[in-house]
Amino acid sequence: MKELTLREIQLLSLDLMKEIHAYCEAEGIRYSMAYGSLIGVVRHKGFIPWDDDIDIVMPRPDYERFIRGFRSDRAKVAIPGEDSCQPIARVYDTRDTVAYTKYPFLTKGERPGLWIDVYPIDNVPDDPEEFDRHAEECRQLYRRMVRRRKMLAKAADLRNVPPRWHFPWRWVRVRWWRLRAGFPDLMKESGEQRRLMEKYPWGSTDHVSQLGIRNWVYRDHLPADLFDNNILMPFEGMEVRVPKDYHTFLIPQYPNYMELPPEDKREQHTLSATKFYWKDKK
């Protein structure tokens with residue numbers, strides 16, 4: 001198999017994003033570019049040069065409509081609690097690429113291709129201290145899930161994620177975890193987090209946040225109307241949606257987001273644990 005280059009990953013992700021954008025525009029579904037992808041829009045009018053994925057967010061009602069309605073000839077939606085143990089949805093390629101990862105998320109044996117993460121935005125407590133407690137509970141559940149998802153990894157996953165000399169040790173460790181603890185009920189555990197994410201019904205508070213994937217601690221305690229008036233901005237030759245007040249979205253995690261980080265901090269996050277390969281290219 002031939003591994004995708006970073007630019008090939010970006011261009012194939014862009015093709016998926018064009019389908020997602022067209023569907024959302026046609027159906028009136030609110031979405032916004034998020035995190036590094038949003039910085040890319042604002043700072044580069046495209047991908048951050050070293051970024052290896054696309055992230056988007058959707059208010060919970062729009063998210064539910066999207067994961068049930070989106071269809072593509074070359075992609076599927078991995079739906080949490082049905083065929084995925086992730087607490088967020090992923091639109092993954094089924095036609096051109098295949099992924100090998102230390103952190104599998106599909107639970108029915110299918111191997112995905114490269115993907116775009118789709119995060120739901122949920123209502124959260126208005127009180128900042130109560131929000132911090134709620135968000136930290138979600139973070140701890142997610143971190144536990146990530147550790148336990150390693151037990152879903154197959155030998156092929158571990159063999160194809162460099163450095164390859166780590167493979168024997170990785171595989172022995174996964175086998176030992178399974179013998180000691182068995183296969184965890186990841187769907188049940190991810191359901192715990194999804195129920196916590198939706199604890200506050202949509203429209204019941206004046207603040208929202210993204211509670212699904214929280215590898216960090218930061219105060220993304222956002223106004224509930226932030227995504228009501230998303231605007232179009234250029235991205236790699238197309239237009240994508242971003243919050244009109246994108247500064248409010250970015251500043252809690254990226255206080256200096258318009259500044260380029262030092263070269264030793266320009267990290268590729270997905271590719272540290274996942275490798276993407278062409279299906280039919282040698």
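Is lysine 76 buried, partly exposed or exposed, and what is its relative accessibility? At 41% relative accessibility, lysine 76 counts as partly exposed; buried means under 20% relative accessible area, exposed over 50%, and partly exposed in between (1.4 Å probe, protein chains only).

## Basis of the model

The structure is a predicted model, in which local features need pLDDT of at least 70 and side-chain atom pairs count only at pLDDT 80 or more, while totals for chains, interfaces and linings use all residues. Residues are numbered from 1 along each chain as its sequence is written, and side-chain values use heavy atoms, with hydrogens and water left out.

Helices (H or I, at least four residues) and strands (E, at least two) are DSSP runs, numbered from the N terminus. Helix 2 spans residues 35–44 and is largely enclosed by the rest of the structure, because nine of its ten residues are buried. The buried residues are Tyr35, Gly36, Ser37, Leu38, Ile39, Gly40, Val41, Val42 and Arg43. They pack against strand 1 (32–33), strand 2 (55–59), strand 6, strand 9 (231–235), strand 10 (238–242) and helix 8 (246–250), where contact means heavy atoms within 4.5 Å.

Most residues other than glycine have a negative phi.

## Salt bridges

A salt bridge is defined as a side-chain nitrogen of Lys or Arg within 4 Å of a carboxyl oxygen of Asp or Glu. By this rule the count comes to 20 salt bridges. One of them pairs glutamate 110 with lysine 76, with the closest N and O atoms 3.5 Å apart. This pair links distant parts of the chain, 34 residues apart: glutamate 110 is in the loop between strand 5 (97–101) and strand 6, and lysine 76 is in strand 3 (residues 75–78). Glutamate 110 is partly exposed, with a relative accessible area of 34%.

Aspartate 117 forms a salt bridge with arginine 90, and here the closest N and O atoms are 2.5 Å apart. The two are 27 residues apart and link distant parts of the chain, with aspartate 117 in strand 6 and arginine 90 in strand 4 (residues 89–93). Both aspartate 117 and arginine 90 are buried. In a further salt bridge, arginine 111 meets aspartate 157, the closest N and O atoms being 2.6 Å apart. That pair links distant parts of the chain, 46 residues apart: arginine 111 is in the loop between strand 5 and strand 6, and aspartate 157 is in helix 5 (residues 155–160). Arginine 111 is partly exposed, with a relative accessible area of 26%, whereas aspartate 157 is buried, with a relative accessible area of 3%. Salt bridges that share partners also join Arg60, Glu64, Asp122 and Glu198 into one network.

## Negative surface patch

Asp126, Asp127, Glu129, Glu130, Asp206 and Asp225 form a negative surface patch. Patches are made of residues with over 30% relative accessible area and no salt bridge, like charges being joined within 9 Å and nonpolar side chains (Val, Leu, Ile, Met, Phe, Trp, Tyr) within 5 Å. Aspartate 127 counts as partly exposed, at 37% relative accessibility.

## Pairs separated in sequence

Arginine 144 is located in helix 4 and is partly exposed, with a relative accessible area of 28%. Leaving aside neighbours within four places in sequence, arginine 144 is in contact with Glu189 and Glu192. Arginine 144 and serine 190 are 46 residues apart in sequence, and their C-alpha atoms are 9.8 Å apart in space.

Glutamate 267 is in the loop between helix 8 and strand 11 (274–278) and is partly exposed, with a relative accessible area of 43%. Its C-alpha atom is separated by 9.2 Å from that of aspartate 52, 215 residues apart along the chain. Glutamate 259 is in the loop between helix 8 and strand 11 and counts as exposed at 53% relative accessibility. The C-alpha atoms of glutamate 259 and leucine 186, 73 residues apart along the chain, are separated by 39 Å.

Terms used: Areas by Shrake-Rupley, 256 points an atom, 1.4 Å probe, with all protein chains shown as cover. Lys, Arg positive; Asp, Glu negative; His and termini not counted. Charge placed at Lys NZ, Arg CZ, Asp CG, Glu CD.
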